[in-house]
Amino acid sequence: MKTVLIIEDDAASRLVLSQWLKAAGWQVIEAANGEDGLRLADEAKPDAILTDLLMPRCNGFQVCRTLRERQDALKEVPI
């Protein structure tokens with residue numbers, strides 16, 4: 001089963017996305033902010049990442065930039 005990491009600070013949006021993706025056969029991991037999302041990406045090594053762009057502290061642009069600058073498999077994960 002493929003795993004997707006959802007990084008979304010709005011709980012209602014995160015819930016809707018999670019339910020939709022689970023119904024489509026994905027295993028879902030959720031993070032409420034970019035910092036937690038980066039930590040969970042390291043731990044879970046997801047097959048895809050779906051991120052909100054506008055979040056406090058660490059936004060989606062920072063998440064994308066951090067992952068693309070890496071020198072490991074996460075550099076190639078679709079975001």
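**View 1. Who sits around Thr51 in this predicted model.** Leaving aside residues up to four places away in sequence, Thr51 touches Ile7, Gly60, Cys64 and Ile79. Thr51 itself belongs to strand S3, which covers residues 48-51. Buried or exposed, then, for Thr51? Its relative accessible area comes out at 17%, and because the cut-off for buried is under 20%, Thr51 counts as buried.

**View 2. Strands S1 and S2, side by side.** Here we have S1 (residues 3-7) and S2 (residues 27-31), running parallel and joined by five bridges. Pick out Ile6 and you'll find Glu30 of S2 standing opposite. Ile7, one of the contacts of Thr51, is in the S1 stretch of residues 3-7.

**View 3. Stepping back to the whole chain.** The count is three helices and three strands, and reading along the sequence gives β-α-β-α-β-α. The radius of gyration is 12 Å, close to the 12 Å from the globule rule for 79 residues, so the chain is as compact as a globular protein of that length. Along the principal axes, the C-alpha atoms fill a box of roughly 35 × 30 × 15 Å.

View 4. Among contacts with a separation of 6 or more, 58% come from residues 24 or more positions apart. As for the surface, the chain exposes about 4700 Å², with carbon and sulfur atoms supplying 55% of it.

Key: Residues numbered from 1 in each chain as written. Predicted model: local features only at pLDDT ≥ 70, side-chain atom pairs only at ≥ 80, totals over all residues. Heavy atoms only, no water. Pairing = 2+ DSSP bridges. Helix = DSSP H or I, 4+ residues; strand = E, 2+ residues; numbered from the N terminus. Buried < 20%, exposed > 50% of the residue type's maximum accessible area, 1.4 Å probe, protein only. Contact = heavy atoms within 4.5 Å. Rg over C-alpha atoms; globule rule 2.2 N^0.38 Å. Areas by Shrake-Rupley, 256 points an atom, 1.4 Å probe, with all protein chains shown as cover.
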